[in-house]
Amino acid sequence: MTAESLTTELKSEAYRLGFDLAGAAPAMVPPGLERFRRWLAAGYAGQMGYLADRVDAYEHPRHVLDGVRGILMLGVNYRTAEPGASGPGRGKVSRYAWGADYHDLIHARLRQLADFHRRLIPTAGVRGVVDTAPLAEREFARLAGLGWIGKNTMLVNRKLGSWFFLAALLTTEELVCDEPIEGSHCGSCRACLDACPTGALVDAYRLDARRCISYLTIELRESVPAELRPLEGDRLFGCDVCQEVCPWNRQTPVTAEKDFEPASDTNPVDLATLFALDDAGFRKRFRHTPLWRPRRRGILRNAAIVLGNCPTEEAPAGLGRGLEDAEPLVRAACAWALGQYADPSAQDALHKRLAVESDREVRDEIEAAFENE
Ligand code: B12
Ligand code: SF4
Ligand code: SF4
């Protein structure tokens, strides 16, 4: 089979399986590698040690698949109709997490595509990846002609904007590569830089993840730095601001993927109910959604911050319950949040907890909360 017909067959099977974008890139040293190293050296990755730990593996896709010669880069549109608006006592979830976990859906499709490839060429080595392999997906997607890297660092496509996931099928066979996209179509626009609530886009094409709400609410395992908490606003999980303001996202098509349709209780999320969930309850509700990643402790930390930022009459009861939680991370966030309330019951709960609290950080948060009085 020629490289040309293999590429054509793989692309048409990818579209048949429901991928919305497909383009081929060579297996090469990513031209952005030095940029990646500089980004890590600047400390922008924060606690995402899995990036720095594997920096050498990012150097070439052969570390993902031995003998790789071609990479089929794939995109899946996740733009859906908008669910209900956020309101008091509710937390916003970013668009990519409104429906099913994309990893499950995309892995299943990648397996089908890999099987198809092996039926065409039984001796081929093939591997499908999404997110977790040491592969700079946006860089290879740009090389495969799927879009350009915008000033918000997202891969932007003329037709789909940036509301799409990326995935890759690596093969030991040669593919006919698409034209890479050089430069960007952002022009003089800087809407994303101006709109970012935390100033995480420190410059065009440069994101300091340590300030990014997506990192703070999904990846960070510790307390959110105090000065950034108010800037998170009502965001419970992830952030879409730098995509919402992007002109390329204004008129993008809605996905045909039913699994991505917003579940009735995932955006916005009623926060008070979260504090009533124990480990088993949390697992039952979130295990097969993207909100599982930060686990119960991360989601409750985020929920407390939202309730601190957007006070409601009912919130002190939920936060009071969180102040007694077994997880110090949750207690610390609830202490901070209760400190935003003038309500005497909030102060009462803080005094009671301080009398028995043994964790250093939680004690510090409670004492800082009293200073807000
Ligand atoms: C770590 C990570 C994060 C981190 C850091 C994000 C970042 N901008 O670096 C955090 C937690 C903050 C994050 C947030 C989000 N993420 Co994320 N994330 C990743 C992950 C796992 C690795 C990215 C990485 O290595 N970053 C380090 C930087 C330096 O690498 P890079 O951005 O890929 O840049 C490379 C090239 O693009 C190039 N390059 C960088 N800048 C420029 C500029 C120019 C001009 C050029 C020519 C080249 C170039 O050099 C780099 C090295 O080769 C990828 C999956 C993957 N394996 O790639 C998903 C991924 C990038 N995330 C994704 C998504 C959807 C998001 C969120 C929208 C989720 C949300 N709603 O909260 C936000 C968006 C925030 C933002 N503005 O980027 C999608 C992006 C899809 C798309 N259309 O671009 C990906 C590809 C996951 C997927 N499989 O679909 N993410
Ligand atoms: S995701 Fe939100 S916080 Fe992160 S860079 Fe974009 S606008 Fe800023
Ligand atoms: S908002 Fe403007 S600058 Fe930012 S990615 Fe979109 S087009 Fe580029």
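In what order do the three strands of the open sheet lie? In this predicted model, the order is S10-S3-S11, and the pairing is mixed. Strand S10, spanning residues 235–237, and strand S11, spanning residues 269–270, form the edges, each pairing on one side only. Strand S3 covers residues 90–93 and is joined to S10 by two bridges, the two strands running parallel. Across this pair, Val-93 is placed opposite Phe-237 of S10. The sheet is also packed against by helix H11, which comprises residues 295–309 and touches both S3 and S10. The direction of helix H11 makes an angle of about 175° with that of S10.

The surroundings of two ligands were examined next. Ligand 1 is surrounded by 38 residues, and the closest of these are Gly-32, Phe-36, Glu-137, Ser-214 and Gly-238. Two or more residues of this shell are contributed by each of the following elements: helix H2 (33–41), helix H5 (137–143), strand S7 (164–171) and helix H7 (213–219). Sorted by class, the shell around ligand 1 consists of 24 nonpolar residues, seven polar residues and seven charged residues.

Around ligand 3, 13 residues are found. Those that come nearest are Gly-150 and the cysteines Cys-186, Cys-189, Cys-192 and Cys-246. The class division for the shell of ligand 3 is nine nonpolar, two polar and two charged residues.

Note on methods:
Residues numbered from 1 in each chain as written. Chains lettered and ligands numbered in written order. Predicted model: local features only at pLDDT ≥ 70, side-chain atom pairs only at ≥ 80, totals over all residues. Near = placed C-beta within 6 Å. Helix = DSSP H or I, 4+ residues; strand = E, 2+ residues; numbered from the N terminus. Nonpolar A, V, L, I, M, F, W, Y, C, P; charged D, E, K, R; others polar. Pairing = 2+ DSSP bridges. Contact = placed C-beta atoms within 7 Å. Axes fitted to C-alpha atoms, helices over the stretch in contact; angles between N-to-C directions.
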